[in-house]
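Subject: Structure handover

Hello,

Here is the structure for you to look through. My notes on what was found in it follow below.

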Amino acid sequence: MISIPHKAKQFLVFTIKFLIVIGAFYFIYDQISNNSKLDWNKFQNLVVEKTAITTMLFILLFSIANRYLEILKWQNLASFIQPISVGEASKQVLGALTAGIFTPNGLGEYAGKALFFKKEQTKQVIFLNLICNGIQMILTIIFGTIGLIFIGYWKWSLGIIAIASVLLFTSFLSKNITIKGYSIQKLLHKINEIPKRIHRKNVILGILRYIVFSHQYYVLFLVFDVDLPYLTLISSISAVYFLASSLPSFQFLDFAVKGSVAVFFFGKLGINEWIVIFISTLMWLLNVVLPVIIGAYFVMRFKLKPIVVN
């Protein structure tokens with residue numbers, strides 16, 4: 001066995017952490033400075049005009065609650081491997097978010113969280129993170145489909161329900177088919193290995209997180225003087241998040257993707273495009289950029305476990 005020299009290992013780890021943090025901040029800066037649809041002077045003036053300190057603190061509380069619920073979700077699921085504190089779960093969630101900001105659909109988060117565990121636990125960590133994100137996606141589909149029905153997109157909703165039904169039926173028929181050692185039956189078996197109390201808590205926290213996130217968007221529309229019935233606005237928000245989440249994207253492009261879908265839906269409700277773009281940008285700043293900045297601290301403080309090479 002040949003050990004990597006301690007100083008060489010320290011330099012390599014520091015370089016990787018530094019590149020992750022610099023890369024994350026570069027992508028954020030690039031999107032902020034090159035967003036042609038957004039007049040930043042107008043944005044700043046409007047935020048100051050429309051939002052008092054108390055209002056901004058109230059809106060910020062939504063972001064804190066949103067990320068805190070995500071941290072509790074991960075703490076709950078990680079307990080299947082080993083109990084971890086809220087502080088440790090915060091470090092893993094925020095650090096992984098920073099590492100995954102410039103990967104498609106946040107795939108880097110999976111690897112980021114795995115680094116906090118032993119090498120032999122990597123597959124379990126990735127699987128649990130899939131469960132963590134999977135339930136949030138299922139809730140987004142359910143509420144999004146209901147939202148589409150309420151605002152009159154019946155054909156879209158029926159199409160989604162039909163596709164889901166076909167996928168479920170196909171999955172049932174092919175559950176015993178094995179591809180490279182994996183099958184739906186084996187996946188279901190692994191899911192059932194996780195205690196039901198963990199699944200129940202995951203679903204409850206997922207629902208609470210969805211409510212917090214969607215109502216932060218709703219409150220921002222109220223702040224910007226959008227006067228529409230609650231059900232119409234919250235249904236449109238649900239539809240926007242469902243359709244935007246279905247599109248391949250990067251975390252740092254989140255506001256651009258959601259913003260484009262939002263402009264389409266809210267434009268039909270008579271809401272000015274610039275209001276939609278400003279609100280989408282604020283949501284991105286509060287729920288992606290702010291946690292990434294905090295996560296950068298945890299990335300820089302991360303200490304890799306001892307590496308031994310054959």
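**Overall layout**

From the N terminus on, the elements of the protein chain follow the order β-α-α-α-α-α-α-α-α-α-α-α-α-β. That comes to 12 helices and 2 strands, where helices (H or I, at least four residues) and strands (E, at least two) are DSSP runs, numbered from the N terminus.

This is a predicted model, in which local features need pLDDT of at least 70 and side-chain atom pairs count only at pLDDT 80 or more, while totals for chains, interfaces and linings use all residues. Residues are numbered from 1 along each chain as its sequence is written, and side-chain values use heavy atoms, with hydrogens and water left out.

Of the 310 residues of the protein chain, 45% count as buried (under 20% relative accessible area, with a 1.4 Å probe and protein chains only). Among contacts (heavy atoms within 4.5 Å) between residues at least 6 apart in sequence, 76% join residues at least 24 apart.

**The cores**

In soluble globular proteins, nonpolar side chains tend to be buried together. A nonpolar core here is a set of buried Ala, Val, Leu, Ile, Met, Phe, Trp, Tyr and Cys residues joined through side-chain atoms within 4.5 Å. The largest one has 37 residues, and those with the most contacts inside it are Tyr-217, Phe-221, Ile-237, Phe-266, Ile-271 and Ile-279. Two or more residues each come from helix 3 (53–78), helix 9 (196–223), helix 10 (230–245), helix 11 (254–267) and helix 12 (273–301). Helix 9 gives the largest share, 9 residues.

Leaving aside neighbours within four places in sequence, Ile-279 touches Tyr-217, Leu-220, Phe-221 and Phe-224. A second, separate core has 18 residues, including Ala-89, Ala-114, Phe-127 and Cys-132.

**Helix 3 against helix 6**

How do these two helices pack? The angle between helix 3 and helix 6 (residues 122–150) is about 135°, and their axes are 10 Å apart. Axes are lines fitted to C-alpha atoms, for helices over the stretch in contact, and angles run from 0 to 180 degrees between N-to-C directions.

Lys-73 is buried, with a relative accessible area of 0%. Leaving aside neighbours within four places in sequence, Lys-73 is in contact with Cys-132, Ile-135, Gln-136, Asn-202, Leu-205 and Gly-206.

Regards

Notes: Buried < 20%, exposed > 50% of the residue type's maximum accessible area, 1.4 Å probe, protein only.
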